[in-house]
Amino acid sequence: MNPLLPVDEAIKRLLEAAVPVTDSETLPLAECDGRVLATDLAARLTQPPFDASAMDGYALRSADAAEIGSILTVIGQAAAGHAFAGRVGRGEAVRIFTGAPVPEGADTILIQEDAEALEDGKIRTTFAVTAGRHIRPRGQDFAEGETALEAGRELGFTDLTLAAAMNHAALSVYRRPRIAILATGDELLPPGSAPQPAQIIASNTFGVAALARQAGAEVIDLGIIADDDSLIRAAIGKAVAAGVDVLVTLGGASVGDHDLVQAALKAEGMQLDFWRIAMRPGKPLMVGAIGGTQVLGLPGNPVASLVCSLLFLEPLIRRIARRAPLQRMATARTATPLKANDHRQDYLRARFSTDENGLLMAEAHAKQDSSMMKILAHSDGLIVRPPHAPEAAPGTTCPIIRLKP
């Protein structure tokens with residue numbers, strides 16, 4: 001029997017085979033959050049389009065108010081969207097509000113707190129001004145034609161605001177990876193069913209699909225397929241014909257009498273890269289490819305399926321989608337003792353907390369059975385125990401994976 005593949009080597013081989021998407025689509029700006037920009041984005045205008053006041057106050061010539069106590073005559077007003085039409089001359093000022101164009105002739109702003117109102121429309125300065133103060137010069141943010149967002153950038157809320165400011169209503173973004181999920185097993189029923197003896201409710205699909213969508217994928221649910229070779233092969237063929245980037249199978253990837261998935265995949269042309277990983281939970285994981293479709297065979301066990309999705313499927317989708325990997329890894333101190341580990345890499349479900357010094361603490365659940373979804377759902381993350389890790393006393397620093405990055 002082939003030796004178990006180390007986790008790091010398995011992830012490396014999976015990601016090296018990933019092919020990032022190259023085709024794009026144009027979407028309204030409001031639908032581009034989290035998408036990856038496919039082309040450089042240049043500004044369609046200059047921002048600000050004019051010298052603008054950064055404060056409420058008075059626009060004037062700095063030469064007329066270099067000393068405290070200067071007297072100026074207010075000749076008009078400028079507000080955002082309403083420019084002053086005239087010119088500021090010697091000894092004159094224009095009442096101005098934030099965002100308004102600076103009138104011709106003025107070269108500084110005296111903020112309103114530094115102006116004393118006098119009779120007959122005059123003001124006295126209580127602060128010495130300097131040229132350019134409180135003025136946002138034309139083009140300070142960006143100039144027309146300037147590339148402010150480059151292709152390959154994952155778009156967040158600040159990027160979308162910038163794109164809007166540059167006068168773009170729609171963007172060219174890479175398409176989402178297409179992921180098909182196929183669950184197999186005579187014992188499986190959809191949620192809401194009334195299971196008979198020896199039947200269980202299929203739950204894996206929902207968590208795997210949610211994680212895939214969060215990573216940026218478009219998900220196709222192929223449903224639950226009975227343990228029938230012809231039906232499984234038909235579902236595999238449907239996914240490949242649809243041109244999915246990744247086919248995810250749930251369960252049936254081992255080589256027992258009722259584990260038909262691996263044989264069906266090979267019959268449909270899959271080239272097996274590897275299967276059986278030195279990890280717990282998740283040992284039966286399988287990786288291969290059918291033409292341009294990568295195949296990721298996840299264990300049928302619910303916890304093992306989700307742990308493998310976190311370690312393998314999420315980074316795979318983000319690589320295909322051209323998104324940066326999430327930083328889920330961190331370190332914490334153990335809150336309880338941990339036993340010495342065997343030849344596999346363990347992922348212990350754990351709760352996180354902080355001690356009186358603000359240090360992150362990780363407490364492994366007493367039970368780690370990989371069929372117990374409630375434990376995983378009430379965990380903050382996973383304690384990573386490398387192969388052959390020695391016994392760890394409380395307070396030992398250990399690597400962890402956050403379920404929420």
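Which element gives the largest share of the lining of the second largest pocket? In this predicted model, the answer is α3, with four residues. That pocket has a volume of about 370 Å³. Its lining is made up of 16 residues, and those closest to the centre are Leu 211, Gln 214, Leu 306, Leu 310 and Leu 403. At least two lining residues come from each of α3 (204-215), α6 and α7 (373-377). By class, the lining of the second largest pocket holds eleven nonpolar residues, three polar ones and two charged ones.

The largest pocket, with a volume of about 480 Å³, also draws on α6. Here 22 residues form the lining, and Ile 11, Leu 311, Pro 315, Leu 326 and Met 329 are the ones nearest the centre. Two or more lining residues are given by each of α1 (7-16), α6 (302-320), β23 (345-354) and β26 (397-402). Within this group it is α6 that provides the largest share, namely six residues. Nonpolar residues number 14 in the lining of the largest pocket, alongside two polar and six charged residues.

Helix α6 thus deserves a look of its own. It contains 19 residues and spans 25 Å from its first C-alpha to its last, close to the 27 Å expected at 1.5 Å a residue. The helix has a kink of about 45 degrees, centred on Ser 309. Is α6 largely enclosed by the rest of the structure, or largely open? Of its 19 residues, 17 are buried, so α6 is largely enclosed by the rest of the structure; the cut-off for a buried residue is a relative accessible area under 20%. At the start of α6, the backbone nitrogen of Val 303 has a side-chain oxygen of Asn 301 within 3.3 Å. Just after the helix, Arg 322 adopts a positive phi of about 70 degrees.

How many cavities of 30 Å³ or more does the model contain? The count comes to one, and the largest cavity has a volume of about 70 Å³. Its lining consists of Gly 34, Arg 35, Val 36, Tyr 174, Arg 175, Arg 176, Pro 177, Gly 216, Ala 321 and Arg 323. These lining residues divide into four nonpolar, two polar and four charged.

Two individual residues complete the picture. Gln 345 belongs to strand β23, which is among the elements that give two or more residues to the lining of the largest pocket. With a relative accessibility of 13%, Gln 345 counts as buried, because the cut-off for that class is under 20%. The side chain of Gln 345 makes a polar contact of 2.7 Å with the side chain of Tyr 347. Met 166, for its part, sits in the loop between α2 (157-165) and β12 (170-174). From Met 166 to Gly 121 the distance is 40 Å, C-alpha to C-alpha, and the two residues are 45 apart in sequence.

Note on methods. Residues numbered from 1 in each chain as written. Predicted model: local features only at pLDDT ≥ 70, side-chain atom pairs only at ≥ 80, totals over all residues. Heavy atoms only, no water. 1 Å grid on protein atoms, 1.4 Å probe; cavity = no way out; pocket = protein on both sides within 12 Å on 5 of 7 lines; lining within 4 Å. Points joined across faces, edges and corners; volume = space filled by probe spheres on them. Nonpolar A, V, L, I, M, F, W, Y, C, P; charged D, E, K, R; others polar. Expected span 1.5 Å × (residues − 1). Bend = angle between axes of the 7 residues up to and from the residue. Buried < 20%, exposed > 50% of the residue type's maximum accessible area, 1.4 Å probe, protein only. Polar contact = N/O pair within 3.5 Å; in protein donor to acceptor, adjacent residues only side chain to side chain.
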